[in-house]
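Subject: A structure for you to look at

Hello,

Here is the structure I promised to pass on.

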Amino acid sequence: MGNHGFIRVGAAIPLLKVGNCMYNAQEIVLLIEQAYKSLEIQILCFPELCLTAYSCGDLFHQDYLLEGSERSVEYILQYSRHLPITFIIGAPVRDGHQIFNAALICNKGNIVGIVPKTHLPNTGVFYEKRWFSSALESKSTEIEYLGKTLPFGTRLCFGDKHFSFAVEICEDLWSNIPPSSFHALEGASCIFNLSASHNLAGKNRERKALIQHQSKVCKAAYVYASAGWGESSSDLVFTGHGFVYELGELIAENKSFDLEAQIVCAEIDIELLKHKRATNTVFKTQINSESYRFLKIELAAIKIDKLNRKIKALPFLPEERACDEICSEILSIQSLGLIKRLKHTEIEKVVIGISGGLDSCLALLACVEAFDKLWGKKVETQRKNIIGVTMPGFGTSQRTLDQAKKLMILLGVSILEIDITKACEIHFADIDHDINKHDTTFENVQARERTQILMDLANKENALVVGTGDLSELALGWATYNGDLMSMYGLNAGIPKTLVKQLVAWHAQHCNMQELKDVLMAIVETPISPELLPLDKNGKMLQKTESSIGPYELHDFFLYHLLGAGSTPQKILFLASQAFEGTYDKQTIAKWLKVFIKRFFQQQFKRSCLPDGPMVISHSLSPRGFWKMPSDTDPPDMQF
């Protein structure tokens with residue numbers, strides 16, 4: 001489908017007068033026109049019973065109100081016949097002696113289908129069963145309305161071959177099995193809810209949590225429109241709420257308690273929803289499809305060059321309100337994974353290479369946490385069974401060497417310093433390599449020498465080698481085969497670089513020792529480098545990873561959308577251009593995206609033999625779990 005799989009939807013909160021159907025229809029028409037002509041919305045949802053207002057009470061039994069509602073629907077349809085926008089309005093609908101609280105799905109001057117409300121609240125302040133019949137009390141699959149025979153029922157889906165949506169009404173969502181659960185299994189990727197939910201202190205938080213949950217479990221988008229302050233305030237106050245959720249994430253909401261009519265709009269990612277369902281076994285088994293009817297609607301054709309919704313530039317990082325909880329969970333996952341491996345192997349020591357950079361710092365912090373949990377913080381000597389090894393080489397700066405030593409001293413682990421330059425020089429001579437030729441061989445000899453030292457020390461000490469490489473490096477293949485790629489347990493294998501950086505900074509913020517906090521923050525601020533090439537004449541590092549392969553914040557963005565959404569390179573470029581607007585131009589993003597895609601597909605052979613390591617977020621490259629891919633797969637088309 002076009003527009004990179006996005007469809008623009010909206011929730012409208014009109015100004016209403018109770019019982020004045022024509023006034024309400026005129027207000028609705030104004031919002032429909034604004035939605036299509038100004039906002040280019042393709043599907044717009046209005047609140048429950050918006051033609052009459054929800055709070056009409058026993059007036060729902062008055063013919064003048066029901067007939068007025070029908071005339072106002074005719075007025076709206078007549079006005080909208082030349083507009084391709086699809087809209088959903090709420091109205092009382094008669095079928096014989098029954099009256100239904102219903103949603104009318106309209107397109108190009110026609111009603112495509114009518115969906116009645118299933119669950120009628122009838123306790124406390126609610127009396128809906130006094131006026132309306134439930135969908136469960138109807139045997140009709142078609143009804144006569146405005147002189148036409150129209151599809152009627154709850155099991156209706158609308159849309160085209162690319163996208164379908166369904167409707168539920170207010171209390172339906174609050175039931176123990178909402179109709180939207182069935183709609184989602186039948187392929188509806190967006191649910192529209194027409195509501196008239198009054199407000200109470202704290203209720204909006206509960207309402208949003210419910211919508212968030214339903215959109216998450218249904219792997220769907222959820223558009224919610226609730227009645228505003230124009231409703232009667234005799235006993236209840238309605239304050240108007242419009243939300244758009246996608247996979248449990250709030251992507252747009254209106255300003256509540258507002259006295260003006262409002263439209264909240266956002267784009268929903270249909271391709272993302274399809275991907276999430278295709279990778280979820282629940283959606284491979286459908287319910288009785290014969291009970292569902294699919295009603296075709298041709299959506300308005302628009303061009304989406306700019307998204308109203310925000311695309312997170314750093315999608316792997318937790319929201320600020322959840323940062324403490326998630327960072328603490330990640331540390332616990334890492335440490336418990338290591339504890340299990342130590343217990344199983346009956347080993348009480350680990351060996352870990354400490355470079356003075358981010359990755360080895362985080363892995364060491366996780367090792368300390370594991371040992372403290374396993375043997376108790378009071379047994380300080382037990383930390384000495386963590387053997388930290390710093391191995392300066394040709395490109396090691398004084399800054400990182402000092403940081404490595406200070407970190408190990410302050411954490412109370414055993415420290416070894418083994419200079420690898422002489423061993424590497426001997427090896428260069430053995431293989432007849434010119435030491436002045438600073439190529440891949442020059443770099444990888446050092447990486448493999450360090451790994452050999454760690455492995456042999458582990459044998460000597462009866463210890464496990466803890467790997468420090470992260471998820472971003474594995475995605476790019478930025479690791480030496482049979483070098484730093486190898487370990488006996490890869491503690492950081494499930495953590496992308498941007499998250500590694502945040503985790504170390506989080507540790508610094510929660511550190512009780514000022515000296516340790518200073519070291520951790522110095523590590524966070526150190527440029528990322530493997531430090532394999534010689535320093536300049538002033539002892540400064542010349543080799544900076546992000547200058548060679550591109551910014552990690554871009555690569556992590558690419559990785560998130562490639563693995564988590566199955567997005568094409570073209571769509572990733574579109575999303576990244578939105579997310580990093582003002583930071584990177586499109587040409588720069590495209591340049592590094594090509595690097596990422598090429599390396600990701602070329603370097604799979606390294607990931608195919610990864611050592612064990614804990615999965616800590618929803619993405620992983622373990623060949624035993626989340627990601628299974630042949631090592632010789634051609635990359636996708638990268639014509640931008």
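Let us begin with a question: is D432 buried or exposed? D432 is exposed, because its relative accessible area is 71%, and exposed means over 50%. Please keep in mind that this is a predicted model.

You will find D432 in the loop between helix 11 (421-430) and helix 12 (440-461). Its backbone is worth a look too: D432 has a positive phi of about 60°, although it is not a glycine. K219 is another non-glycine residue with a positive phi, of about 50°. K219 belongs to the loop that runs between helix 6 (203-217) and strand 11 (221-226).

K255 counts as exposed because its relative accessible area is 58%. Between the C-alpha atoms of K255 and L410 there are 50 Å, and the two residues are 155 apart along the chain.

Five strands make an open sheet with parallel pairing, in the order 18-17-16-19-20. At the edges stand strand 18 (414-417) and strand 20 (489-490); each has a single partner strand, so one side of each has no neighbour in the sheet. In general, strands of a sheet pair through backbone hydrogen bonds, in a parallel or an antiparallel way.

Helix 8 (residues 323-345) lies across strand 16 (350-353), strand 19 (464-467) and strand 20, and runs at about 160° to strand 19. Helix 9 (residues 358-375) lies across strands 16, 17 and 19, at about 160° to strand 16.

Next, the core. The largest nonpolar core has 93 residues, and among these F558 and F600 touch the most other members. Helix 9 supplies the largest share of this core, with 11 residues. Leaving out residues up to four places away in sequence, F600 touches A475, L559, L562, L563, R607, L621, W627 and M629. There is also a second, separate core of 38 residues, which includes V9, A225, I270 and L273. As a general point, nonpolar side chains tend to be buried together in soluble globular proteins.

Finally, the rings. Searching the whole structure gives 22 aromatic pairs. One of them is the tilted pair of F60 and F132, 4.9 Å centre to centre with 55° between the planes. This pair links distant parts of the chain, 72 residues apart: F60 is in the loop between strand 2 (43-45) and helix 2 (63-80), and F132 is in the loop between helix 3 (128-131) and strand 6 (142-145). F60 counts as buried because its relative accessibility is 0%, and F132 is buried at 4%.

F600 and F601 form an edge-to-face pair, 5.7 Å centre to centre and with 70° between the planes. Both F600 and F601 are buried. Ring pairs also join F558, F596, F600, F601 and W627 into a cluster.

The charged end of R155 sits over the ring of F182, 5.2 Å from its centre. K571 lies over the face of F6, 5.0 Å from the ring centre.

Enjoy exploring!

Best wishes

Conventions. Residues are numbered from 1 along each chain as its sequence is written. This is a predicted model: local features need pLDDT of at least 70, side-chain atom pairs count only at pLDDT 80 or more; totals for chains, interfaces and linings use all residues. Side-chain values use heavy atoms; hydrogens and water are left out. Rings of Phe, Tyr and Trp (its six-membered ring) pair if their centres lie within 6.5 Å; planes under 30 degrees apart count as stacked, over 60 as edge-to-face and the rest as tilted. Helices (H or I, at least four residues) and strands (E, at least two) are DSSP runs, numbered from the N terminus. Buried means under 20% relative accessible area, exposed over 50%, partly exposed in between (1.4 Å probe, protein chains only). A charge sits over a ring if NZ of Lys or CZ of Arg is within 6 Å of the ring centre and within 35 degrees of the ring normal. Two strands pair if DSSP finds at least two bridges between them. Contact means heavy atoms within 4.5 Å. Axes are lines fitted to C-alpha atoms, for helices over the stretch in contact, and angles run from 0 to 180 degrees between N-to-C directions. A nonpolar core is a set of buried Ala, Val, Leu, Ile, Met, Phe, Trp, Tyr and Cys residues joined through side-chain atoms within 4.5 Å.
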